[in-house]
Amino acid sequence: MKHASKKAFTLAQLLVLVPVAALLGTMLLAVSNDAKQQLQAAACLNNMRQWGLGFMMYANDYDDYFPYDGQYDSPPCAVGNTNAWFNVVPRYIGQKRLCDLYMAGTPPTPLTKSVWSCPSATNVTVQPTLSKGYFMYAMSTCWHYESNTSVGFRRNRMTSPPTTILFCEEREDSFPETNGAYDTVTRHFGGSNFVFGDGHADWLNFTNFCRNGNAGCPPPLGNIQWDTSGPGGDWNTVVHYHWWPFPYANTSSQ
């Protein structure tokens, strides 16, 4: 009578299979993480599209003026922020003012799934308060220079709306900022999502929006000062995406 043979791995086979299994596990984890990041980037871009729509609708109602970026060193409900973007644009996209969210004790955080929150934000331990807001998105700081008042530039003054940055992702640091600049955070595959002057939203690589003073920014943009808005700066021929709405926007010659 023949006994059925028991199949088993030999030591040599195990020595081969274990590393292979470990490699496959690592590859699957990498694919899973990449897919998660892609979904988060897509959700963030969708948020940007909604904000872009809101900004365009606001400008339609206010004689082509965009709102101003807000007082970054003041609470969301401060008098100086009454007309800031985060308190006047939300109603156009069916959202509550940021001030109202803080008053209700429900401020947006990195763990909040809403148009205010980028799912790729990593500072999940933040605890916003009425006196200290927290932002994951911001309006470009280059849009509040109209006679140094709380009124933004007019939309019809833009030189190139499709390539001019209006709204961006904000750094997650301890200093609350409502306005963004060349140092916007790069949360998505080495770049960030933006809203442009014509209302459309898109992703840009870091090398397309960085400036001099931004660590790791390579030439030619690494040689350009972001706050110089003339042809030698933000409107230099080597610049494809602009922070300033038109040449010399931050000078007396505007």
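Predicted model: local features only at pLDDT ≥ 70, side-chain atom pairs only at ≥ 80, totals over all residues.

1. The protein has three helices and five strands. Read from the N terminus, the order of elements is α-α-α-β-β-β-β-β.

2. Burial and surface. The protein has 254 residues, of which 46% count as buried. Its accessible surface comes to about 13200 Å², and carbon and sulfur atoms account for 57% of that. Taking contacts between residues at least 6 apart in sequence, 58% join residues at least 24 apart.

3. Aromatic pairs. The count comes to 21 aromatic pairs. One of them is Phe194 with Trp243: the ring centres are 6.1 Å apart and the planes stand at 80°, which is over the 60 degrees required, so the pair is edge-to-face. This pair links distant parts of the chain, since Phe194 belongs to strand S4 (residues 191–196) and Trp243 to the segment after strand S5 (201–205), 49 residues apart. Both Phe194 and Trp243 are buried.

4. Thr184. Where does Thr184 sit? Its place is in the loop between strand S3 (179–180) and S4. Thr184 counts as buried, at 5% relative accessibility. Neighbours within four places in sequence aside, Thr184 is in contact with Cys168, Glu169, Glu170, Ser192, Phe194, Phe209 and Trp243.

5. Aromatic cluster and cavity. One aromatic cluster is formed by Trp51, Phe55, Phe66, Trp85, Phe86, Trp116, Phe135, Tyr137 and Phe167. A search of the whole structure finds one cavity of 30 Å³ or more, and the largest cavity has a volume of about 50 Å³. Which residues line the largest cavity? They are Trp85, Leu98, Pro108, Trp116, Tyr134, Phe135, Met136 and Tyr137. Among these lining residues, Trp85, Trp116, Phe135 and Tyr137 also belong to the aromatic cluster. By class the lining has eight nonpolar residues, no polar and no charged ones.

6. Leu130. This residue lies in the loop between helix H3 (98–103) and strand S1 (137–140). At 42% relative accessibility, Leu130 counts as partly exposed. Apart from neighbours within four places in sequence, its contacts are Pro75, Pro76, Cys77, Tyr102 and Met103. Leu130 and Cys77 are 53 residues apart in sequence, while their C-alpha atoms are 7.6 Å apart in space.

7. Gly232. Is Gly232 buried or exposed? Gly232 is exposed, because its relative accessible area of 60% is over the 50% limit. Its place is in the segment after S5. The C-alpha atoms of Gly232 and Pro247 are separated by 9.6 Å, and the two residues are 15 residues apart along the chain.

Definitions and conventions: Residues numbered from 1 in each chain as written. Heavy atoms only, no water. Phe/Tyr/Trp six-rings, centres within 6.5 Å; stacked < 30°, edge-to-face > 60°. Helix = DSSP H or I, 4+ residues; strand = E, 2+ residues; numbered from the N terminus. Buried < 20%, exposed > 50% of the residue type's maximum accessible area, 1.4 Å probe, protein only. Contact = heavy atoms within 4.5 Å. Areas by Shrake-Rupley, 256 points an atom, 1.4 Å probe, with all protein chains shown as cover. 1 Å grid on protein atoms, 1.4 Å probe; cavity = no way out; pocket = protein on both sides within 12 Å on 5 of 7 lines; lining within 4 Å. Points joined across faces, edges and corners; volume = space filled by probe spheres on them. Nonpolar A, V, L, I, M, F, W, Y, C, P; charged D, E, K, R; others polar.
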